[in-house]
There are 2 protein chains.
Amino acid sequence: MADQIREGIAANTRSALLLGGNGFLGRHLARALTQRGVSVRIYDRGSHDDAEAGYAYFRGDFAAGERLAEALEGVDIVYHLISTTLPSTPHTHALFDVESNVCGTLRLLDQMRAAGVNRIVFTSSGGTVYGNPRTVPVPEDHQLQPLCSYGVTKVAIEGYLRLHASLGGLNAAVLRVANPYGPGKARIGVQGFIPTLFAKIAAEAPVEIWGNGSVVRDYLYVEDAVDAMLEAASWTGFRLYNVGSGVGHSLLDVVRTVERVTERAANIIYEPGRSFDVQEIYLDIGRITSETAWRPRVSLDAGCRRFWAAMK
Amino acid sequence: MADQIREGIAANTRSALLLGGNGFLGRHLARALTQRGVSVRIYDRGSHDDAEAGYAYFRGDFAAGERLAEALEGVDIVYHLISTTLPSTPHTHALFDVESNVCGTLRLLDQMRAAGVNRIVFTSSGGTVYGNPRTVPVPEDHQLQPLCSYGVTKVAIEGYLRLHASLGGLNAAVLRVANPYGPGKARIGVQGFIPTLFAKIAAEAPVEIWGNGSVVRDYLYVEDAVDAMLEAASWTGFRLYNVGSGVGHSLLDVVRTVERVTERAANIIYEPGRSFDVQEIYLDIGRITSETAWRPRVSLDAGCRRFWAAMK
């Protein structure tokens, strides 16, 4: 049963367009889709260096909608993994954030309708849409008070997907993904703590920690995140789920886990905390585990062991 | 005590800029500010026909930011009452909605910072940001699932005001106002039910009701709404409140009240319900009444009597 679920992608999904498919999640998702016989199209602003993979590749600027119509032709599902900005982008740069991400997504939805594509999976952000949660684990219906522009735009995009689903017949899955980690390239500056930690420990370089290491996050192994994205291809209507491990780990927890896995000691340097950082958050995953077949399968320890094995 | 509060506006408020000051709320607010010795500037896209009032008048397109810098010079507080769209604007027109309202507000915040204006009161929408509420009366921390693009943009603007308050030192008051009513002009199509009802009954014209008349709303007399806007001038940091009567009335309730007040019978024509209409909503006003001196003072019956007296 578990293996069938892990293999599962909707039978009528033959062609998928991955917006931002060059990113960390996108590369893992593209491989998983290809393994399941799905034809993969990658849309990204950068050039692609994975020549052997055989993906159809569309290079364009999402904010301007370049080549989107062409990329959408004959596609069954769109995975929208693009964000033009980061959680750390200052709120004073919000205008670009809204114009590129929110307006870009609205133009995408127009083009999807024109192309007859009625299914989208959007990766929202489990770590920023809630702001500093009142309670952990934080459920989906917790109030949304993002502390960064990135989070405000994710909430707005979620809102428009809900509207297009209820008024326009779109099938839209919003995945509020926790902090995904695993082997593979990520854009510089968005590596995430665990890949950075492995890289630093492997290089015997000092590890910077913002604050005192007590900041708690929900880390999700990339294969679990990909499984949720595959599963989402068969959902109908509007579905919105937290996608996390459901467990909180402090930065120091993670350091100890990685030290144990690598059998090396980390050299930690403490830096001042950052104002846009939420202190403690991990996700309540009761909704997705009760309503769908998905659940996280890889613990932090197991995920770190796989990561380290892939690095060596 | 009650009279003092009604008179109250922060002593250091000498000059106020009313964005959208030509609208229904704006005209009432402008008069109330003038009566309290505040110098009033009106910014609006239309021309002003209230020549005798002595307001400084700035005509411009908010989305383009025309004349905003000039209008902001030396101002103590901005009342942001502009929306370029309506709750009934189709979701497929959302791109304009976001570009004009959300991006327009972000440009405004930049210009306020440049001009050294650090105080804003924004009229959000108690009737649309929550969508169909799970419980009534609906409290501020209820989840936000707007059923129209208008509501999505209100939520996004609220989010950016929260960010600018917490990160940029802005004093920002968000008032999720219920359905305001009272004498005075409103833009065509945004009259609201009560003014329309009075006009139709006065003209002995048939009254159209969408649905079966059971739709429940929170109607707030305009003087109560204005009182909250005046009071908000003295709040610091980020404050977000429902501003309503706290009582729900069905459309048929309202018809019966107006029939009683006017001593005339309404000729009702029932039209099909509208998909963007929330079925039942009224606001929990516990937060604002416990944290501030404001409370609603005019019941539906009293408000309708004042309205009718003003019309005659």
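Predicted model: local features only at pLDDT ≥ 70, side-chain atom pairs only at ≥ 80, totals over all residues.
Me: What makes the pair of A:Phe198 and A:Trp308 stacked?
Reply: Their ring centres are 5.8 Å apart and the planes sit at 20°. Rings pair if the centres lie within 6.5 Å, and planes under 30 degrees apart count as stacked, so both tests are passed.

Me: And where in chain A do those two sit?
Reply: A:Phe198 is in helix α6 (residues 193-202) and A:Trp308 in helix α10 (residues 300-311), so the pair links distant parts of the chain, 110 residues apart.

Me: How do you know whether A:Trp308 is buried or exposed?
Reply: Its relative accessibility is 8%. Buried means under 20%, so A:Trp308 counts as buried. A:Phe198, at 0%, counts as buried too.

Me: Why is the pair of A:Tyr181 and A:Tyr221 called edge-to-face?
Reply: Among the eight aromatic pairs found over all chains, this one has ring centres 5.4 Å apart and planes at 75°.

Me: Why is the relation between chain A and chain B that of a two-fold axis?
Reply: Chain B superposes on chain A by a rotation of 180° with 0.0 Å of shift along the axis, at an RMSD of 0.0 Å. That is the relation of a two-fold axis.

Me: How do you know that the copies meet through the same surface?
Reply: Because 100% of the interface residues of chain B are also interface residues in chain A.

Methods. Residues numbered from 1 in each chain as written. Chains lettered and ligands numbered in written order. Heavy atoms only, no water. Phe/Tyr/Trp six-rings, centres within 6.5 Å; stacked < 30°, edge-to-face > 60°. Helix = DSSP H or I, 4+ residues; strand = E, 2+ residues; numbered from the N terminus. Buried < 20%, exposed > 50% of the residue type's maximum accessible area, 1.4 Å probe, protein only. Least-squares fit on C-alpha atoms with pLDDT ≥ 70 in both. Contact = heavy atoms within 4.5 Å.
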